[in-house]
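Thanks for coming. Please look at the sequence and the model before I start talking.

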Amino acid sequence: MKSKRLDLSGVCSFLSEHDNYLILTHGMPDGDTLGSAYALCSGLIKLGKKAKVVCPDPIPAHYGYFTNAVSFPEFSEETVISADVADIKLLGALAEKYEGKIELAIDHHVSHRDFAKNLFLDGTAAACAECVYDILNTMHIAIDEIMVQAIYTGISTDTGCFKFSNTTPKTHVIAAELMASGIDFSEINRVMFDTKSKSRMEIEKMALGSVELLYRDRCALMAVTSKMLRESGCTDADLDGITAIPRSIEGVQIGVTMRQKAPKVWKISMRSYPPFDVAAICAKMNGGGHKYAAGCEIVGTKRQAREEILKHVRKALED
Ligand SMILES: [Mn+2]
């Protein structure tokens, strides 16, 4: 399906003209998809519309400060929207159910693959939550404390606490406007970045033990297996951000995390530094994402998956 592109005023008209919204986040939800969906949901409710958020996977408890603060009215859904979803496949268990039924996608991934009837895509936004902030302002919806927390969380998490290269002057301007409302941004960042559970610490120990340095230490490959999940007591929800580890090693330009989803299914996440374009590498394996943060899925044994990944990474490092 080719999506009809909407500009900012187009998406605002769409939202005022429709009602009874179901807002979908992507699976394995992160701060941006949740922050975007919950802020938009609250905004639509403020506007007198009916809206609720549906997430394909359980919401990690540490986002509860805003996700638990929004209550959804009773209604039957009419208009399905997605927030921060770059590809229908990322709806995971809900992909089949909603395929062809999504009226509007709001996204910031330049690799976005059309699946919705309408699309608002701002590829310059560091986070989808920036798009939602623009939408709410353009619609003159008063942004309350919960919405501020949700949007701030989306922006802060997608920029690695304003450290990643996707951070723009506009990102800081929006963050400054959000800070001016008096939210406890330092507490949000402490929960998002400086706190980990004991089970997370355990799985990091195991995953670090698997790290291999390859190609003159320019690539680091880390594996997170089902066995590690079992032994650490972690769920998928506890793994948020673990993919940052391989690239954090000095000299590493491409960091790869392979995560076992089923005995022979691996979810691959790549993080790189310029000039290495991991979206291009992942595209060769039917994946996509951002230039310096992308992913794909590989079916096969651990050895087969590893070989497939390294074939493409080696080629990219040589070129
Ligand atoms: Mn995002």
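Before the details, the ground rules. This is a predicted model, in which local features need pLDDT of at least 70 and side-chain atom pairs count only at pLDDT 80 or more, while totals for chains, interfaces and linings use all residues. Residues are numbered from 1 along each chain as its sequence is written, and side-chain values use heavy atoms, with hydrogens and water left out.

Back to the helix pair. Two packed helices are described by the angle between their axes and the distance between the axes. For α6 and helix α8 (residues 185–193), the angle is about 50° and the axes are 10 Å apart. Helices here are DSSP runs of H or I with at least four residues, strands are runs of E with at least two, and both are numbered from the N terminus. Axes are lines fitted to C-alpha atoms, for helices over the stretch in contact, with angles from 0 to 180 degrees between N-to-C directions. The contact (heavy atoms within 4.5 Å) is made by Q149, Y152, T153, S156 and T157 of α6 and F185, I188, N189, M192 and F193 of α8.

Next, the metal. The manganese ion is coordinated by D32 (OD), D84 (OD), H108 (NE2) and D158 (OD), at 2.1 to 2.3 Å. Donors are N, O and S atoms within 2.8 Å of the metal, or 3.2 Å for Na, K and Ca; water is not among the atoms, so sites may look incomplete. D32 lies in helix α2 (residues 31–46) and D158 in helix α6 (residues 145–158), so the pair ties together parts that are 126 residues apart in sequence. Both D32 and D158 are buried, where buried means under 20% relative accessible area, exposed over 50%, and partly exposed in between, with a 1.4 Å probe and protein chains only.

The axes of α2 and helix α5 (residues 128–138) come within 8 Å and cross at roughly 15°, which makes α2 roughly parallel to α5. Here the crossing is left-handed. On the α2 side the contact involves D32, S36, A39, L40 and G43, and on the α5 side C128, A129, V132 and L136.

The largest nonpolar core has 49 residues, with V11, L15, I23 and I106 having the most contacts inside it. Such a core is a set of buried Ala, Val, Leu, Ile, Met, Phe, Trp, Tyr and Cys residues joined through side-chain atoms within 4.5 Å. Apart from it lies another core, of 25 residues, among them W266, A279, C282 and A316.

Last, the loops. R113, in the loop between β5 (102–107) and β6 (118–121), is partly exposed at 38% relative accessible area. Among its contacts beyond four places in sequence is N286. N286 itself sits in the loop between α11 and β11 (288–290), is exposed at 58%, and has a positive phi of about 65° although it is not a glycine. Finally, a cis peptide bond joins P274 and P275, with omega about 5°.

Terms used. Parallel < 35°, antiparallel > 145°, perpendicular 65-115°, else oblique. Left-handed = near helix turned anticlockwise from the far one by under 90°.
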